[in-house]
Amino acid sequence: MLPSAGVYYFPWEINSSIPEGEALRTFGRLSCYDLARSEAILSSQHGSAQHHVHIDTTLVEPFEAQLGSLYMVLGEAEHREGESPVIKARILTCVEGMNMPLLEQAIQEQRKYFQERQQQMESGTS
């Protein structure tokens, strides 16, 4: 059986309320990569706040880290004691040049579609 495709989360939405092991996708600029610890940090600006997402890169190494470039990650949420969730990456891809405002708009439209579809299914079964 294949793993799920992963729900898109904005980097500023990733917190401890995400269930352990849930497949998710997110993005950000690679601001730090520590090969010895198999850990990368993706950063993203939202409003006036800077958000950081920690990525466990064990399953995707070796990869050629390009600091400052835009990356998209697909993986599972992993909770560690006293830390925000870490994403155990299955795929970590450089997507430098991607139109981020358009990606954010697409994610919002997808969420809206899924919400409308869920409401239609619930009203159809009532």
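Helices (H or I, at least four residues) and strands (E, at least two) are DSSP runs, numbered from the N terminus, and two strands are said to pair if DSSP finds at least two bridges between them. The structure is a predicted model, in which local features need pLDDT of at least 70 and side-chain atom pairs count only at pLDDT 80 or more, while totals for chains, interfaces and linings use all residues. Residues are numbered from 1 along each chain as its sequence is written, and side-chain values use heavy atoms, with hydrogens and water left out.

Strands S3 (residues 39-46) and S4 (residues 49-56) form a hairpin with two residues between them. Gly47, in the turn, has a positive phi of about 65 degrees. The two strands are antiparallel and are joined by eight bridges; Ala40, for instance, has Ile55 of S4 as its bridge partner. S4 also runs parallel to strand S6 (residues 86-94), to which three bridges join it. Asp56 is partnered there by Lys88 of S6.

Ser44 belongs to strand S3. At 9% relative accessibility Ser44 counts as buried, a class defined as under 20% relative accessible area, with exposed over 50% and partly exposed in between (1.4 Å probe, protein chains only). Contact means heavy atoms within 4.5 Å; with residues up to four places away in sequence not counted, Ser44 touches Pro11, Trp12, Ala49, Gln50 and His51.

A nonpolar core is a set of buried Ala, Val, Leu, Ile, Met, Phe, Trp, Tyr and Cys residues joined through side-chain atoms within 4.5 Å. The largest such core has 17 residues, and Ile14, Leu24, Ile55, Val73 and Ile87 have the most contacts inside it. Strands S2 (23-34), S3, S4, S5 and S6 each supply at least two residues of this core. Leu24 is in contact with residues including Ile14, Ile18, Val73 and Ile87, its neighbours within four places in sequence being left aside. A second, separate core of nine residues includes Tyr8, Phe27, Leu70 and Met100.

Seven salt bridges are found in a search of the whole structure, each being a side-chain nitrogen of Lys or Arg within 4 Å of a carboxyl oxygen of Asp or Glu. In one of these, the side chains of Glu13 and Arg111 meet at 2.6 Å, N to O. This pair links distant parts of the chain, with Glu13 in the loop between strand S1 (7-8) and S2, and Arg111 in helix H1 (residues 100-125), 98 residues apart. Arg29 forms a salt bridge with Glu96, the closest N and O atoms being 3.0 Å apart. Here Arg29 is in strand S2 and Glu96 in the loop between S6 and H1, 67 residues apart. In the salt bridge of Glu76 with Arg90, the closest N and O atoms are 2.7 Å apart. Glu76 lies in strand S5 and Arg90 in strand S6, so this pair ties together parts that are 14 residues apart in sequence. Salt bridges that share partners also join Asp56, Glu78, Arg80 and Lys88 into one network.

The structure holds zero disulfides, a disulfide being a pair of cysteine sulfur atoms within 2.5 Å. The sulfur of Cys32 is too far for a bond because the closest cysteine sulfur, in Cys94, is 16 Å away. Both residues are partly exposed: Cys32 has 34% relative accessibility, and Cys94 has a relative accessible area of 30%.
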